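Colleague: I'm new to this one. Can you walk me through the model?

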Amino acid sequence: YSLERVNVFNLMGSNLICRAQSFSHSVICKYKLLAVSSQLFCLYSKDSMSRVIDMRSDTVTTPTYEMREAMRNAVVGDDVYGEDPTVKQLQEKVAAMLGKESSLFFPSGTMANLTGIMAHASQRGDEVILGDRSHISTFEQGGVSQIGGIFARQVLNKDDGTFDLDEVCSKIQFGGYDGHCCHTKVICIENTHNLCGGRVVPLDFIIRLSSIARKSNIKLHVDGARLFNAATALQVPASELVKHCDSVSICLSKGLGAPVGSLLVGKKEFIDKSLRIRKSLGGGMRQIGILAAAGITALDNILPLLQNDHDNAKIFCNRLLEMIDLGIHVDPKQIETNIVIFEVRRSDLSAKRFCDLLEQRISEDVPVIRMSAIGIMGSKVRAVTHHQINRDDIDSAIARIQEVLQQKY
């Protein structure tokens, strides 16, 4: 496929970067052309030149030019032998940022969380306590039970991502004198909390929960996929949020924008144990410095931009408030980071139908808007800002939402 005169837009500043006269030598797949520079993100199909504003998640970003260059130039070795210098650099960097002894690179956050919980709860029939709306409970296929043989005892998440500490205490078990019960070995929290709308778990809650865990000889694990968003919102170092915790997983491919990768962080003894578990789960990889290099670049270049994402999320929320009469409900007090969950409260329009309409291609001048409906028949929609969404994109998304809501269905 050869495309003539393709416009490439800088999504960070909404300025035209360049106009290519021919892309005949570009890497073009059958359906999509991804044109990427250090601060741009454009997606075209071969059937339409409509621009796509993708707010389904902060995982949809494409690697920046700097990331691609770092990957191309990365010094690599066999990481299974512990010989990849770029992986070592990333692991040391993240451990230092979080104030822990050691860290370990993983291909996904799901594997990092599973490994961390299995390292803490090493016997079949051990137990983990976690929130009912947590990512581990909802979106990781019950791997702690399916693979780890660990019972997942749920507590109710409050809307701010916390849970009732009295309920936690009531569910801690020590196995029983005659072996009737599970043995609680680890408690998990999620920070920021995805299904609670990107809420930041308060530091005082973490401290109180940590105290309960310590008294009961129970480990505290943090699913910190968006931990740096929490730290940015509170304007504190990320290490401050996990210094009372035994382990934490962080994701490079969400708000930080790297193409792949998570890290599990904790004491050296814990990481050594996790290394063996990672291997058994198929997570041992060879010359992965090319992936680690993108993660280092993300930490250096994209992490400082997270406040922009939070600001854009608040702007998006405030613009949605103007559409209450059209059936939109959103609580601005709930918007603390880069996730906006709002409701479409209309009898003629479900959240899924609403998202489908936003994604329809109307014309080349009207961008395609992508957001996520929460559940099939529900009313809630999730929109996520990231470093490849700018203020003009927010304006375009709001304009398209208004067009959809002004119709009757």
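What follows is a short chat about the fold, its sheets, a helix pair and a few single residues.

Modeller: One thing before we start. This is a predicted model.

Colleague: Fine. How many helices and strands does the protein have?

Modeller: The secondary structure comes to 14 helices and 17 strands.

Colleague: And what share of the residues is buried?

Modeller: Of the 409 residues, 53% count as buried.

Colleague: Now the sheets. What is the strand order in the sheet of seven?

Modeller: The order is S6-S12-S11-S10-S9-S7-S8. The sheet is open, and its pairing is mixed.

Colleague: Which strands are at the edges?

Modeller: Strand S6 (102-106) and strand S8 (151-155). Each pairs on one side only. The twist from one strand to the next averages 20 degrees.

Colleague: How does S7 pair with S8, parallel or antiparallel?

Modeller: Strand S7, residues 126-131, pairs with S8 in the parallel sense. There are five bridges between them. Val128 stands opposite Ala152 in S8.

Colleague: Let's move to S11. Is that strand buried or exposed?

Modeller: Buried. Five of the five residues of S11 are buried, so the strand is largely enclosed by the rest of the structure.

Colleague: Which residues are on each side?

Modeller: Ser247, Ser249 and Cys251 are on one side. Val248 and Ile250 are on the other. Both faces are covered.

Colleague: What does S11 pair with, and in which sense?

Modeller: Strand S10 (residues 219-224) pairs with S11 in the parallel sense, over four bridges. His221 stands opposite Ser247 there. S11 and S12 run antiparallel and are joined by five bridges. In S12, Val265 is the bridge partner of Val248.

Colleague: What comes between S11 and S12 in the chain?

Modeller: A loop, and Lys254 is in it.

Colleague: Lys254, then. Buried or exposed?

Modeller: Lys254 has a relative accessible area of 17%. Buried means under 20%, so Lys254 counts as buried.

Colleague: Which residues does Lys254 touch, apart from its sequence neighbours?

Modeller: Leave aside the neighbours within four places in sequence. Then Lys254 is in contact with Asp58, Thr59, Ala225 and Arg226.

Colleague: And how far is Lys254 from Val60?

Modeller: They are 194 residues apart in sequence. In space they are 8.0 Å apart, C-alpha to C-alpha.

Colleague: How many bridges join S17 to S14, and how many join S17 to S16?

Modeller: Five bridges join strand S14 (residues 339-344) to S17. Two bridges join strand S16 (residues 372-373) to S17.

Colleague: Which residues face each other?

Modeller: Val340 stands opposite Ala383 in S17. The bridge partner of Ile341 is Arg382. Ser372 also stands opposite Arg382.

Colleague: How many residues of S17 are buried?

Modeller: Four of the five, at residues 380-384, so S17 is largely enclosed by the rest of the structure.

Colleague: Helices, then. At what angle do H1 and H11 pack?

Modeller: Helix H1 (residues 65-73) and helix H11 (residues 289-302) pack at about 145 degrees. Their axes are 8 Å apart. The crossing is right-handed.

Colleague: Which residues meet there?

Modeller: From H1, they are Glu66, Met67, Ala70 and Met71. The residues they meet in H11 include Ile290, Leu291, Ala294 and Ile302. The contact as a whole divides into nine nonpolar, two polar and one charged.

Colleague: Last topic. How many disulfides are there?

Modeller: The structure holds zero disulfides.

Colleague: And Cys196 and Cys317, buried or exposed?

Modeller: Cys196 is buried, with a relative accessible area of 6%. Cys317 is buried too, at 1%.

Terms used
Residues are numbered from 1 along each chain as its sequence is written. This is a predicted model: local features need pLDDT of at least 70, side-chain atom pairs count only at pLDDT 80 or more; totals for chains, interfaces and linings use all residues. Side-chain values use heavy atoms; hydrogens and water are left out. Two strands pair if DSSP finds at least two bridges between them. Axes are lines fitted to C-alpha atoms, for helices over the stretch in contact, and angles run from 0 to 180 degrees between N-to-C directions. A crossing is left-handed if the near helix is turned anticlockwise from the far one by less than a right angle, and right-handed if clockwise. Contact means heavy atoms within 4.5 Å. Ala, Val, Leu, Ile, Met, Phe, Trp, Tyr, Cys and Pro count as nonpolar, Asp, Glu, Lys and Arg as charged, and the others, Gly among them, as polar. Buried means under 20% relative accessible area, exposed over 50%, partly exposed in between (1.4 Å probe, protein chains only). A disulfide is a pair of cysteine sulfur atoms within 2.5 Å.
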